[in-house]
Amino acid sequence: MSTELINARPRPMHGRVTLGGVLRSEMIRFFSLNSTRILILVSFVVYVGIAAVGIWGVGSFMESMGSMPEAGQIPGTESMGTADFAAETLASGLMFSQLILGVLGVLLMSGEFTTGSAVSTFLASPQRLRVMGAKVILITVLTAVVQLISTLVAYLLCLPLATKYNMTLDFGSEAFQRMLWFGALAVVMAALMGLALGVLLRNSAGGITSLVAIFFVLPLIAQILSAVTDWFQDVARFMPDKLGLSLALPLSNPSTLEMWQQLLGIAGWVLIPLILGAVLLKSRDIK
């Protein structure tokens with residue numbers, strides 16, 4: 001009888017934690033947060049709204065110029081109806097998408113420490129780098145998809161406006177495809193940098209402030225220093241905001257760098273802080 005009771009005793013289950021399982025868990029938890037849904041919605045609305053206002057504003061200006069005999073003498077107005085100009089006008093809100101979805105990247109990692117959930121997260125999955133890898137995959141795919149959908153919706157919404165004002169908004173043009181794919185890359189870069197800041201600083205307010213400083217304050221400082229010292233112009237070309245926007249919007253953000261140099265610069269801005277964050281995440285206490 002005692003032997004039967006011993007044999008009937010439940011045996012402990014040994015589950016195997018995999019990257020796919022951690023990724024699935026991160027997705028469920030991340031999308032259950034109101035902040036995630038709000039930031040995605042705000043990014044979408046702001047990008048599409050700025051695109052519509054930009055196309056309407058440029059189209060209205062072109063229409064008003066048609067009744068002015070001296071309009072052709074205004075420098076720069078001759079390119080306003082081209083496919084390149086229309087595509088870049090559509091992407092006028094790209095900088096705001098970088099900021100909003102970059103904040104999402106910060107919160108994805110910093111939220112673990114500000115809420116204290118990091119303890120339970122790393123108890124469930126002791127391999128810390130696996131958790132970070134899942135978060136990197138999640139934020140990369142999410143921000144790329146959100147940005148691509150925002151651009152496509154903006155195109156569909158603005159196409160009738162562009163047609164009305166005789167603007168060339170061509171989906172198949174090189175300018176539009178460049179803006180579409182490199183714009184998504186610029187947003188992913190900001191989001192991954194945000195995630196790295198969340199790992200390094202472990203504080204949402206500090207990470208968001210640092211992200212804003214990198215993408216908005218440092219460019220202003222760079223412009224001032226470039227005007228004072230010639231050598232700093234070479235440094236300013238490798239600022240993260242300049243690298244991302246010059247690839248996606250070369251007409252309004254020209255750069256003297258080759259494409260491979262720009263891509264290498266983006267890789268450096270993403271990989272260096274992520275690697276540093278991974279090293280610190282593995283070595284520091286969770287609390």
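Predicted model: local features only at pLDDT ≥ 70, side-chain atom pairs only at ≥ 80, totals over all residues.
**Close-up views of ring pairs, pockets and a cavity**

The structure holds four aromatic pairs.

**View 1. The ring pair of Phe30 and Phe31.** The ring centres of Phe30 and Phe31 lie 6.1 Å apart, and the ring planes meet at 65°, so this pair is edge-to-face. An angle over 60 degrees is what places a pair in that class. Phe30 has a relative accessibility of 4% and therefore counts as buried. Phe31 has a relative accessible area of 35%, so this residue is partly exposed.

**View 2. The ring pair of Tyr155 and Phe176.** Between the rings of Tyr155 and Phe176 the centre distance is 5.1 Å and the angle of the planes is 65°, so this pair is edge-to-face.

**View 3. The largest pocket.** The space in the largest pocket comes to about 280 Å³. Its lining is made up of 14 residues, and those nearest the pocket centre are Pro219, Leu220, Gln223, Asp241 and Lys242. Which helix gives the most to the lining of the largest pocket? H9 does, with seven residues. By class, the lining of the largest pocket has nine nonpolar, three polar and two charged residues.

**View 4. The second largest pocket.** About 230 Å³ of space is found in the second largest pocket. This pocket is lined by 15 residues, and Leu33, Leu107, Leu108, Gly111 and Glu112 are the closest to its centre. At least two lining residues come from each of helix H2 (19-31), helix H3 (34-66) and helix H5 (94-114). H5 supplies the largest share of the lining of this second largest pocket, namely five residues. The lining of the second largest pocket divides into four nonpolar, seven polar and four charged residues.

View 5. Rolling a probe the size of a water molecule over the atoms shows where empty space is left. How many cavities of 30 Å³ or more does a search of the whole structure find? The search finds one. The largest cavity holds about 40 Å³ of space. Its lining residues are Met95, Gln98, Leu99, Phe215, Phe216, Asp241 and Leu245. H5, H9 and H11 each give at least two residues to the lining of the largest cavity, and H5 gives the most, with three. In the lining of the largest cavity, five residues are nonpolar, one is polar and one is charged. Asp241 is listed in the lining of this cavity and is also one of the residues nearest the centre of the largest pocket.

Key: Residues numbered from 1 in each chain as written. Heavy atoms only, no water. Phe/Tyr/Trp six-rings, centres within 6.5 Å; stacked < 30°, edge-to-face > 60°. Buried < 20%, exposed > 50% of the residue type's maximum accessible area, 1.4 Å probe, protein only. 1 Å grid on protein atoms, 1.4 Å probe; cavity = no way out; pocket = protein on both sides within 12 Å on 5 of 7 lines; lining within 4 Å. Points joined across faces, edges and corners; volume = space filled by probe spheres on them. Helix = DSSP H or I, 4+ residues; strand = E, 2+ residues; numbered from the N terminus. Nonpolar A, V, L, I, M, F, W, Y, C, P; charged D, E, K, R; others polar.
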